[in-house]
Amino acid sequence: MSAETPVQSAGNFARLRLRFRDWRGSRPFWAGLFTLLGGVPIAYFPYATLQLGTMSITMSTTAGAGSLIIGVLLITLGLTMWFQAATRIFAGVAAIVLALVSLVISNIGGFLVGFLLALVGGALAVSWAPARPEPAGSGQPDAAVGPGGGGFAPGAPQGGPAAPGWPQPPYDTADGGTDGVRAQDGDGGHRVG
């Protein structure tokens, strides 16, 4: 072995860690992990035999097959969130529905552990959105766009009444006059705000 071998392996580890970080950031990773972990206790507890000293407790019920199906579906939905990020909303809603159904079928949702994990995972999947690509430039946000930039978005109307979907211009200016449509006129005579 040479002296460069540990440095090379540290470089490989750092490279793999950065690749995993990029992969994790491009999909609802935590949603998939929580959903997958939620399926494990839901599928496991109905078939488990717990030992408390010399006493054994068996949790098997007539709903064992239903619990196994719900648990396997939650694990599959967690993997789907990782590898098919485009179906995240369907997978999230399905995980929430299966978590709610597991309350009735599977020992109170895997003693509430599986229920809560699957419910949080489904909610994270529904709320996750892919990141916007950064503009090819300096890496700084465009100062002309956005609420703090003081400018207008490209294509936004610059004066007069705003088009539907665009924010209205301010009503009062510093000199006390109005700039644009009054609130009473825009709402059919009723004052807004």
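Helices (H or I, at least four residues) and strands (E, at least two) are DSSP runs, numbered from the N terminus. With that in hand, let us walk through the structure, a predicted model in which local features need pLDDT of at least 70 and side-chain atom pairs count only at pLDDT 80 or more, while totals for chains, interfaces and linings use all residues. Residues are numbered from 1 along each chain as its sequence is written, and side-chain values use heavy atoms, with hydrogens and water left out.

Start with the overall plan. The protein chain has seven helices and two strands. Of the 193 residues in the chain, 24% are buried, where buried means under 20% relative accessible area, exposed means over 50%, and partly exposed is in between (1.4 Å probe, protein chains only). The accessible surface of the chain comes to about 12,900 Å², and carbon and sulfur atoms account for 66% of that surface. Such areas come from the Shrake-Rupley method with a 1.4 Å probe, and for residues only the protein chains shown count as cover.

Next, think about contacts, meaning heavy atoms within 4.5 Å. Take the contacts in the chain between residues at least 6 apart in sequence: 57% of these join residues at least 24 apart.

Now let us look at a pair of helices. Helix α2 (residues 29-44) packs with α6 at an angle of about 155°, and their axes are 7 Å apart. Axes here are lines fitted to C-alpha atoms, for helices over the stretch in contact, and angles run from 0 to 180 degrees between N-to-C directions. That angle makes α2 roughly antiparallel to α6. As for the cut-offs, angles under 35 degrees count as roughly parallel, over 145 as roughly antiparallel, 65 to 115 as roughly perpendicular and the rest as oblique.

Another pair is formed by helix α3 (residues 64-83) and helix α4 (residues 88-105), which pack at an angle of about 160° with axes 10 Å apart. That makes α3 roughly antiparallel to α4. The contact brings together G66, S67, I70, L73, L74, L77 and M81 of α3 with A91, G92, A94, A95, L98, V101, S102 and I105 of α4. The residues of the contact of α3 with α4 divide into 11 nonpolar, four polar and no charged. Here, too, α3 passes α4 in a left-handed crossing.

Let us zoom in on some single residues. S67 has its place in helix α3 and, at 0% relative accessibility, counts as buried. Leaving aside neighbours within four places in sequence, S67 is in contact with I42, A43, P46, I105 and S106. L77 is in helix α3 as well, and is buried with a relative accessible area of 9%. Not counting residues up to four places away in sequence, L77 touches T35, A91, A94, A95 and L98. L77 and F90 are 13 residues apart in sequence, and their C-alpha atoms are 9.2 Å apart in space.

Over in helix α4 sits A99, buried with a relative accessible area of 0%. Residues up to four places away in sequence aside, A99 touches F115, A118 and L119. A99 and G122 are 23 residues apart in sequence but 8.7 Å apart in space, C-alpha to C-alpha.

Finally, visit two residues with a positive phi. F111 lies in helix α5 (residues 107-111), and its phi is near 55°, a positive value in a residue other than glycine. F111 is partly exposed, with a relative accessible area of 39%. L112 belongs to the loop between α5 and α6 (113-127). Phi of L112 is near 65°, again positive in a residue other than glycine, and L112 is partly exposed at a relative accessible area of 41%.

Methods:
A crossing is left-handed if the near helix is turned anticlockwise from the far one by less than a right angle, and right-handed if clockwise. Ala, Val, Leu, Ile, Met, Phe, Trp, Tyr, Cys and Pro count as nonpolar, Asp, Glu, Lys and Arg as charged, and the others, Gly among them, as polar.
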